[in-house]
Amino acid sequence: MKVFVTGVGGQLGHDVMNELYKRGYDGIGSDVAGVYSGVADGSAVTTAPYVSLDITDALAVDKTITEINPDVVIHCAAWTAVDMAEDDDKFEKVRAVNAGGTKNIAEVCKKLDCKMVYISTDYVFDGQGTEPWQPDCKDYKPLNVYGQTKLEGELAVSSTLDKYFIVRIAWVFGLNGKNFIKTMLNVGKTHDTVRVVNDQIGTPTYTYDLARLLVDMVETEKYGYYHATNEGGYISWYDFTKEIYRQAGYKTKVIPVTTEEYGLSKAARPFNSRLDKSKLVEAGFEPLPTWQDAVSRYLKEIEY
């Protein structure tokens with residue numbers, strides 16, 4: 001199986017390439033940088049074939065993917081700077097990447113009749129209430145530019161293709177790049193106390209575990225919408241921080257605050273990021289391990 005992976009300079013794309021390598025598949029990575037710009041950890045992604053590609057350039061996308069002629073495209077590339085996306089001068093760029101770039105890829109996949117995986121987000125919903133969001137729920141009301149453009153990407157895929165997996169994730173952390181765990185570890189080093197919101201509820205997603213699931217998926221034809229985060233129960237960012245510090249051996253005091261009390265964020269955040277993952281099991285896929293176990297393995301991965 002030949003798999004073309006976008007966004008390999010990011011957390012998820014990096015781990016997807018390594019998972020493909022472990023299974024003996026032919027993975028070709030791409031990102032906008034001229035050469036691979038992620039962590040040089042000696043893993044497969046640093047030695048695998050790499051193609052520089054701007055996904056907003058429709059002609060380049062068509063030419064590059066057509067020449068490679070993959071069986072599957074796993075589309076991890078996205079604009080993910082949520083607050084920066086709210087800047088007036090960034091809106092068209094964010095939409096060009098998250099919506100336009102995704103549409104460009106979907107159209108080539110249709111031409112080549114290959115499978116496509118699109119990574120989406122809990123931010124396509126309005127984050128209200130307490131009930132977990134169902135994968136096939138169409139009650140979309142994104143609160144911010146990031147969520148709106150990721151939703152437009154979803155719709156581009158679902159309206160263009162039949163052979164697609166749309167996988168919504170949340171609270172992502174991995175080896176390659178910035179994330180909440182790395183931030184909180186750095187803050188905890190230099191502060192006796194930290195304030196963390198306790199009224200936004202969801203579940204973290206470890207890219208190492210998610211990569212395994214995505215490759216499991218593309219080995220099948222069980223297409224459709226899915227939710228995929230780690231197991232272990234729904235938590236707040238406050239709960240998450242407490243566990244990170246406990247496992248890291250930090251004595252830093254964590255103070256719970258409301259989103260309103262915390263302030264700072266330019267983009268509105270969903271309060272309810274609970275994603276129902278039961279469809280994974282119903283389809284015969286193995287759920288991700290608990291987030292507590294994922295944190296333990298991740299701290300070892302980053303040699304903390």
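This is a predicted model: local features need pLDDT of at least 70, side-chain atom pairs count only at pLDDT 80 or more; totals for chains, interfaces and linings use all residues.
Reader: Is α1 mostly covered or mostly open?
Author: Mostly covered. Ten of its twelve residues are buried.

Reader: Which ones are buried?
Author: Q11, L12, G13, H14, D15, V16, M17, N18, E19 and L20.

Reader: And what covers them?
Author: The cover includes strands β1, β2, β4 (72-75), β5 (115-121) and β7 (172-173). Helix α6 (207-218) is also part of it.

Reader: What follows α1?
Author: G24 does, with a positive phi near 80°.

Reader: Switching to strands. How do β1 and β2 pair?
Author: In the parallel sense, over five bridges. β1 is residues 2-6, and β2 is residues 26-31. As one example, F4 has I28 as its bridge partner in β2.

Reader: How many residues of β2 are buried?
Author: Five of its six, so that strand is mostly covered too.

Reader: What about β2 and β3, how many bridges there?
Author: Three, and the two strands run parallel. β3 is residues 50-52. Among the bridge partners, D31 has S52 and G29 has Y50.

Reader: Zoom out. What is the strand order in the sheet?
Author: It is an open sheet of seven strands, ordered β3-β2-β1-β4-β5-β6-β11, with parallel pairing.

Reader: Which strands stand at the edges?
Author: β3 and β11 (224-227). Each has a single partner strand, so one side of each is left without a neighbour in the sheet.

Reader: How much twist from one strand to the next?
Author: It averages 20°.

Reader: Back to helices. Which strands does α1 touch when it packs on the sheet?
Author: β1, β2, β4 and β5. The direction of α1 makes about 165° with that of β1.

Reader: And α4, which strands does that one touch?
Author: Helix α4 (residues 145-160) packs on the sheet as well, touching β5, β6 (164-169) and β11. Its direction makes about 160° with that of β5.

Methods. Residues are numbered from 1 along each chain as its sequence is written. Side-chain values use heavy atoms; hydrogens and water are left out. Buried means under 20% relative accessible area, exposed over 50%, partly exposed in between (1.4 Å probe, protein chains only). Helices (H or I, at least four residues) and strands (E, at least two) are DSSP runs, numbered from the N terminus. Two strands pair if DSSP finds at least two bridges between them. Contact means heavy atoms within 4.5 Å. Axes are lines fitted to C-alpha atoms, for helices over the stretch in contact, and angles run from 0 to 180 degrees between N-to-C directions.
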